[in-house]
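The following exercises ask the student to read a protein model step by step. Each task is followed by a worked solution.

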Amino acid sequence: MRTKGYAFDNASEQAGSHHDALADLLDGSTRELLGELTELDGKRCLEVAAGAGSIAAWLAERAAEVVATDIAPQHIPARARLAVRRHDIVADEPLGIFDLVHARLLLGHLPRREEALRRMVAAVAPGGVLLVGEFTPAPGNFVTYAPDEATADVLTRYMAAHTAALVAAGFDLAWPQRAPAAFVAAGLTEVAFQVRGGSWRGGDPGCRLLRASIPQLRDALLAQGLTDADLAAATEALGDHRVIVNGFHFIQISGRAARRRGAA
């Protein structure tokens, strides 16, 4: 996906690596929680800003009827029970009513995130579920272990610049903490959140995700004071399995649309 405030581009050369790393890093947690929240067989599901469609494809494989959307949907695979739509959640007409609406790593980037949330809530059928996943930086130092001081220094400076670049593009660091209250204000019930985090090693999915982001954010990172030499060193360090960093926390917020009166 690429839209105002969203720093990553489905048309970039790094999009495939970016999507693969995200799927390896997050799909397990997402699938687990989706399975806990709702039955999938025969349900209508909307995947907003689907990226490469790994979750949309998984839902379709479990006999759900899935609509996967993105403003740049070219990476979403063809599957039975999976319809692909080019769609902007904050600008285009609604696509219908669904038993499950899911979006991952979207709302924190959008300037009109509250409007996007209201549109997603409006798309949830009575008794249906909305699930949103967001990243937030983990507290504490980013670098847990590096083989030398120069590597620790460049990674520390890289992460500070990475965060500043996203904030400058419109990313809201505080959104994941505000999201549960926003779910309640939007009329959802049974609102809950789950937080997962931990260390990432160089070369593992989390660090592969960061490596894929460097060329996409290059101009913004240089504007934050890094050099091309810094970016090359950070890229190399993020592939070094000796490196251990404090990975982002992944927060999944869920809520249920009120059931009609008299419904079971």
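**Exercise 1. A residue and its surroundings**

The model used here is a predicted one. Identify the residues in contact with Leu221, leaving aside its neighbours within four places in sequence.

*Solution.*

Step 1. With neighbours within four places in sequence left aside, the contacts of Leu221 are Tyr158, Ala161, His162, Ala165, Ile214, Leu226 and Leu231.

Step 2. Leu221 also belongs to the largest nonpolar core, which has 33 residues. Together with Phe135, Leu155, Tyr158 and Leu210, Leu221 touches the most other members of that core.

Step 3. Two or more residues of this core come from each of the elements α1 (15-37), α4 (149-168), α6 (205-216) and α8 (228-238). The largest share, 7 residues, is given by α4.

Step 4. Another core lies apart from this one and has 28 residues, including Leu46, Ala116, Trp175 and Leu188. As a general background, nonpolar side chains in soluble globular proteins tend to be buried together.

**Exercise 2. Two helices side by side**

Describe how α6 and α8 pack, and name the residues that meet.

*Solution.*

Step 1. The angle between α6 and α8 is about 160 degrees, and their axes are 9 Å apart.

Step 2. An angle over 145 degrees counts as roughly antiparallel, and therefore α6 is roughly antiparallel to α8.

Step 3. The crossing of these helices, α6 and α8, is left-handed.

Step 4. On the side of α6, the residues are Cys207, Leu210, Arg211 and Ile214; they meet Leu231, Ala234, Thr235 and Leu238 in α8.

**Exercise 3. Salt bridges within and between elements**

How many salt bridges does the structure hold? Examine the pairs Asp27 with Arg104, Asp153 with Arg157, and Arg256 with Glu190.

*Solution.*

Step 1. The structure holds 18 salt bridges.

Step 2. In one of them, the side chains of Asp27 and Arg104 meet with an N to O distance of 2.8 Å. Asp27 is in helix α1 and Arg104 is in strand β4, so this pair ties together parts that are 77 residues apart in sequence.

Step 3. Buried means under 20% relative accessible area. Asp27, at 5%, is therefore buried, and Arg104 counts as buried at 14%.

Step 4. The side chains of Asp153 and Arg157 form a salt bridge of 2.9 Å, N to O. Both residues lie in helix α4, and because they are 4 residues apart, about one helical turn separates them. Asp153 counts as partly exposed at 38% relative accessibility, as does Arg157 at 31%.

Step 5. For Arg256 and Glu190, the closest N and O atoms of the salt bridge are 3.3 Å apart. Arg256 lies in strand β10 (residues 249-256) and Glu190 in strand β7, so the pair ties together parts 66 residues apart in sequence. Arg256 counts as buried at 13% relative accessibility, whereas Glu190 is exposed at 52%.

Step 6. Salt bridges also link residues in a network, made up of Arg113, Glu114, Asp172 and Arg178.

**Exercise 4. Positive phi values**

Locate Leu105 and Glu190, and state for each whether the residue is buried or exposed.

*Solution.*

Step 1. Most residues other than glycine have a negative phi.

Step 2. Leu105 is not a glycine, yet its phi is positive, at about 55 degrees. Its place is the loop between β4 (98-104) and α3 (113-122).

Step 3. Glu190 likewise is not a glycine and has a positive phi of about 55 degrees. Glu190 lies in strand β7 (residues 189-196).

Step 4. With a relative accessible area of 10%, Leu105 is buried. Glu190 is exposed, with a value of 52%.

**Exercise 5. A glutamine in a strand**

Is Gln252 buried or exposed, and which residues is Gln252 in contact with?

*Solution.*

Step 1. Gln252 is found in strand β10.

Step 2. The relative accessible area of Gln252 is 1%, and Gln252 is therefore buried.

Step 3. Beyond its neighbours within four places in sequence, Gln252 is in contact with Ser29, Thr30, Leu33, Leu131, Val132, Gly133, Ala192, Phe193 and Gln194.

Notes
Residues are numbered from 1 along each chain as its sequence is written. This is a predicted model: local features need pLDDT of at least 70, side-chain atom pairs count only at pLDDT 80 or more; totals for chains, interfaces and linings use all residues. Side-chain values use heavy atoms; hydrogens and water are left out. A nonpolar core is a set of buried Ala, Val, Leu, Ile, Met, Phe, Trp, Tyr and Cys residues joined through side-chain atoms within 4.5 Å. Buried means under 20% relative accessible area, exposed over 50%, partly exposed in between (1.4 Å probe, protein chains only). Contact means heavy atoms within 4.5 Å. A salt bridge is a side-chain nitrogen of Lys or Arg within 4 Å of a carboxyl oxygen of Asp or Glu. Axes are lines fitted to C-alpha atoms, for helices over the stretch in contact, and angles run from 0 to 180 degrees between N-to-C directions. Angles under 35 degrees count as roughly parallel, over 145 as roughly antiparallel, 65 to 115 as roughly perpendicular and the rest as oblique. A crossing is left-handed if the near helix is turned anticlockwise from the far one by less than a right angle, and right-handed if clockwise.
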